[in-house]
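Dear colleague,

I am handing over the structure below, and after it I set out what was found. Please read the notes with the coordinates open beside you.

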Amino acid sequence: MLVPASTKTTVLSVRGLAKSYGNSVHALRGIDIDVREGEFLVILGPSGAGKSTLMRCLNRLVEPTEGKIIHDGQEITSKSRSLRAVRRQFGMVFQQFNLVKRLSVLTNVLTGRLAYRSTWRSLFYNFSKEDKHIAIECLARVNMDHKAFQRADTLSGGEQQRVAIARALAQKPTIILADEPVASLDPKIARQVLTYLKQVSHELGITVLCNLHQVEYTREFAERIIGMSRGKVVFEGTATELTEEILHRIYYRDPDEKDDKSQ
Amino acid sequence: MSAVTFDSAVARALEREVQVRRRRHLKLAAWSALAVAALWFSALQIKLSPVALVRGAGYMWDFITRLFPPDLSYLALLGGATVETVQIAIWGTLLAIILSIPLSFLGARNTTPHILVFHLTRLLLNALRAINELVFALIFVSAVGLGPFAGVLAVALHATGMLAKFCAEEIEGVDKGQVEAQMATGATHMQVILFGVAPQIVPQFIGYAIYRLDVSIRSATVLGLVGAGGLGFALIQNMKLFKYHQTATCILVIFLLVLVSDWICGKLRRKVI
């Protein structure tokens, strides 16, 4: 790293974020995180640690029970801010790619532009020349522009995820949220997709929050790591600081301790 | 190396399996007995009587022989009524398609703006489905007068109920991931429906609409019985005037029309799905 990470400005602060379902299920129990501008931050943790919930709170697909999220000096969680304005700043990449299967690759990427356009304009699937320009450029960045007119479900898993990255880029986001982006891909393709994600976001100065459960990929790609276990942050540091003991803390569950969900 | 055996676990599981099977058989026997009793009771209620059928066979034979031969010279006169039947079905189905698109989104749990709207829409759709086309036709004949327009409205309303219910269920079954991805881009509710939900249901919807067209053609052939135009009107007139040979021609044409419509709609459906 050329610039010491600590000198970078904070783009996103999370304070005391909590999410419970009913009285017994606590998905998040007070999360404090600072995300630095332009970094590739991996959130590492086992299934059920609350990584997905955390991400969905950030773009308000899930409403948190408590806490604050401040992005670019503005509080996202306040009800007065429009959902559209918040969500279009966060591009999202999913484990199951979630491309609209029956639409073309290009149309899928163009849906990244929807938040910039009125419902009326998009009623007949019309997009402006400017939007098409942006979409094709984003496809070119992940090397998928040659398949722009194919139906999304004709692509392989790795190709679909690259298109999904292009869709996120088309939003011109400040942050990309990648929720287990390679969990359904084989190791070779997984590395390829993570490489694209990291490279492209660096080129465009986009901050990436990437949920992973695999330690190897985390060591390989993360610039900084946040370890989560059972709805809490249990580690914050770099790959070299991720010792066996800390991994144990992230992944180990006391068998005597009761699972929240089974209570 | 000492061999690990699972004898006791296997024995326990086998014993359990026998119990489970016995319970299942008992259940089946009880339900079967109940079903037979219910069927027997209703057979008595509705006076199911093979004897009456045999006794009435003579009259039926008499009616059938009177129909023959169909009056083929009458065929030319039925051309207009046949075309009218198809027109009623096409317009009725088209109106149903237009009406059912908004209704199906209001009547699906995942796209309705409010749970109350959902329940009201489903109630409306169930009412439309519950009321037969003939009943609708009777109402519309008294409202807009005798003729094919009443038939169009009757077909449209009933088909709307069927089509919108089917479509609403398809909407409820869409892949949530594709929808969530659209929501995450910051799309409006309407944009999410257009780009995340609609592409997932369009082929099924078109397929079902074609099937409805086929059903509507069949319904339109009898709507004339209550004065709502089409072949049924010619059929009932001839029957009332005891013009058996012409009546037979009507039945023949209805049969051929249904055959052709089934063939064409089947081909169309296979093309879409």
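A residue is called buried if 20 or more other C-beta atoms lie within 10 Å of its own, exposed if 12 or fewer, and partly exposed in between. Please keep in mind throughout that this is a predicted model.

With that scale in hand, I begin with some single residues of chain A. Asn143(A) has 14 C-beta neighbours inside 10 Å and therefore counts as partly exposed. Asn143(A) sits in the loop that joins helix H5 (129-141) to H6 of chain A, and although Asn143(A) is not a glycine, its phi is positive, at about 60°. Lys172(A) is likewise not a glycine and takes a positive phi, of about 50°; Lys172(A) belongs to the loop between H6 and strand S7 (175-179) of chain A. Because Lys172(A) has 17 C-beta neighbours inside 10 Å, it counts as partly exposed.

Leaving aside residues up to four places away in sequence, Arg29(A) touches Ala18(A), Gly231(A) and Lys232(A). The C-alpha atoms of Arg29(A) and Lys232(A) are separated by 5.7 Å, while the two residues are 203 residues apart along the chain. Arg29(A) counts as partly exposed, because it has 17 C-beta neighbours inside 10 Å.

Next comes a pair of helices in chain A. The crossing of H6(A) past H7(A) is right-handed. On the side of H6(A), the contact is made by Gly157(A), Gly158(A), Gln161(A), Arg162(A), Ile165(A) and Leu169(A), and on the side of H7(A) by Ile189(A), Gln192(A), Val193(A), Tyr196(A), Leu197(A) and Val200(A). Sorted by class, this contact of H6(A) with H7(A) holds seven nonpolar, four polar and one charged residues. As a general point for reading such a list, an α-helix has 3.6 residues a turn, so residues three or four places apart point the same way.

Turning to chain B, the assignment divides the chain into domain 1 (7-64) and domain 2 (71-272), and the C-alpha centres of these two domains of chain B lie 36 Å apart. Leu48(B) is placed in the loop between helix H1 (7-45) and helix H2 (50-67) of chain B; Leu48(B) counts as exposed because it has 12 C-beta neighbours inside 10 Å. The C-alpha atoms of Leu48(B) and Lys176(B), which are 128 residues apart along the chain, are separated by 50 Å. In the loop between H2 and H3 of chain B is Pro69(B), and the peptide bond that leads from Phe68(B) to Pro69(B) is cis, with omega near -10°.

The axes of helix H3 (residues 75-106) and helix H6 (residues 148-172) of chain B come within 6 Å and cross at roughly 40°, which makes H3(B) oblique to H6(B). H3(B) passes H6(B) in a right-handed crossing, and the residues of this contact comprise 19 nonpolar, seven polar and one charged.

Finally, which parts of chain B give two or more residues to the side that touches chain A? The contact between the chains involves 18 residues of chain B and 21 residues of chain A, and the elements of chain B that contribute in this way are helix H7 (176-184) and helix H8 (189-223). By class, this side of chain B has eight nonpolar, nine polar and one charged residues. Within H7(B), the buried residues are Gln178(B), Val179(B), Ala181(B), Gln182(B), Met183(B) and Ala184(B). Their cover includes helix H2 (83-87) and strand S6 (90-93) of chain A, together with H8 of chain B. Just after H7(B), Gly186(B) takes a positive phi of about 95°.

With kind regards

Methods: Residues numbered from 1 in each chain as written. Chains lettered and ligands numbered in written order. Predicted model: local features only at pLDDT ≥ 70, side-chain atom pairs only at ≥ 80, totals over all residues. Domains from an automatic or database assignment. Left-handed = near helix turned anticlockwise from the far one by under 90°. Helix = DSSP H or I, 4+ residues; strand = E, 2+ residues; numbered from the N terminus. Contact = placed C-beta atoms within 7 Å. Nonpolar A, V, L, I, M, F, W, Y, C, P; charged D, E, K, R; others polar. Axes fitted to C-alpha atoms, helices over the stretch in contact; angles between N-to-C directions. Parallel < 35°, antiparallel > 145°, perpendicular 65-115°, else oblique.
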